[in-house]
Amino acid sequence: MNPVHLETLLTIVDEGSFEVAAAVLGISPSAVSQRIKALESKTGRVLLRRASPVTATEAGEVLVQAARRMALVQAETLAQLGDSLTRVPLTIAINDDSLATWFKPVIADIAKQRSAALRIRIEDEARSLALLRRGDVLGAITRESTPVAGCESTFVGTMLYKAVATPDIAAAFHAGESTWETMPLIGYGPNDQILDDAIRDRFVDPQSARARVSQIPSSEGYLDAVRVGLGWGLVSQAQAGGLIASGELAVLDEKPLRIDLYWQRWQLESPMLGQLTEAVLRAAKTLAPR
């Protein structure tokens, strides 16, 4: 299979557009189209959905994975040959809470290597597997222990979340002046699995709860929103521990939410991917055990 055609397919998927891919590759849009037509003719499959953004079909995802593996191996080879302009692309998916807390040492470790380009995609840990399946990332922090086809899965630790609020909101709740059904709450986004789990565990009607949800799609912004009293929220122990100790935040109940996390990565003989995995496992030692 023509490596140039695979590189073109990968660039289109990454950029989401034939036109932008052409600019990145330094060729005309018609040349991009011709390469994809040749690849589709060779495989006998439609590989791309011509929408906005352009996405890979199921058959296309298989080739995207192959193309990304090829790009990783090529970049590592050039780096080993001493090409100072080459950086090995390490694209991973991780949830924002992990990125804001225990994962930070991983970034420091990769920075010391000076031969990797770390590309992080923020995604809920319950949904990052889709990126692995599509070949969009070579590793992901996920809640799923069962490995994606072609990947291996390693348990890294447990994140603890507590329902917290400002002392005045908590005082009203504990005095019976407000309830789970009446208190405003804060979510990360429309697909906040952690908040959904917390609502379910407290027997709150999801439909009525959603009407009272403020959405703050940033881990640090979320914490700030809880601190100023926008509503109660599920905050990781790593972020909330000091604020609870200082009295700035108060715990609403003794039902901590435990989220087991797994590191899933491609089964690929790659020195850089191996080093990244080692860095993830070292950093994850700060997480709670199962």
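A: Over residues 1–57, this predicted model is 63% helix and 7% strand (DSSP runs, H or I of at least four residues for helices and E of at least two for strands, numbered from the N terminus). The end C-alpha atoms of that stretch are 18 Å apart. An unreviewed UniProt entry annotates residues 1–57 as "domain: HTH lysR-type"; such annotations may be inferred rather than shown by experiment. Residues are numbered from 1 along each chain. Local features need pLDDT of at least 70, side-chain pairs 80 or more, while totals use all residues, and side-chain values use heavy atoms, without hydrogens or water.

By a domain assignment that is automatic or from a database, domain 1 spans 1–86 and domain 2 spans 160–259. Their C-alpha centres lie 43 Å apart.

Of its 22 lining residues, Glu7, Leu10, Thr11, Ala71 and Pro89 are closest to the centre. Helices H1 (3–15), H2 (18–25) and H4 (58–80) and strand S3 (88–94) each give two or more residues to this lining, and H4 gives the most, with 8. The lining has 12 nonpolar, 4 polar and 6 charged residues (Asp, Glu, Lys and Arg are charged; Ala, Val, Leu, Ile, Met, Phe, Trp, Tyr, Cys and Pro nonpolar; the others, Gly among them, polar).

The second largest pocket has a volume of about 380 Å³. Asp97, Asp124, Tyr188, Gly189 and Asp192 are closest to its centre among 24 lining residues.

Terms used:
On a 1 Å grid over the protein atoms alone, a cavity is a set of points where a 1.4 Å probe fits but cannot get out, and a pocket is an open set with protein on both sides within 12 Å along at least five of seven lines; lining residues have an atom within 4 Å of a point. Grid points are joined across faces, edges and corners, and a volume is the space filled by probe spheres set on the points.
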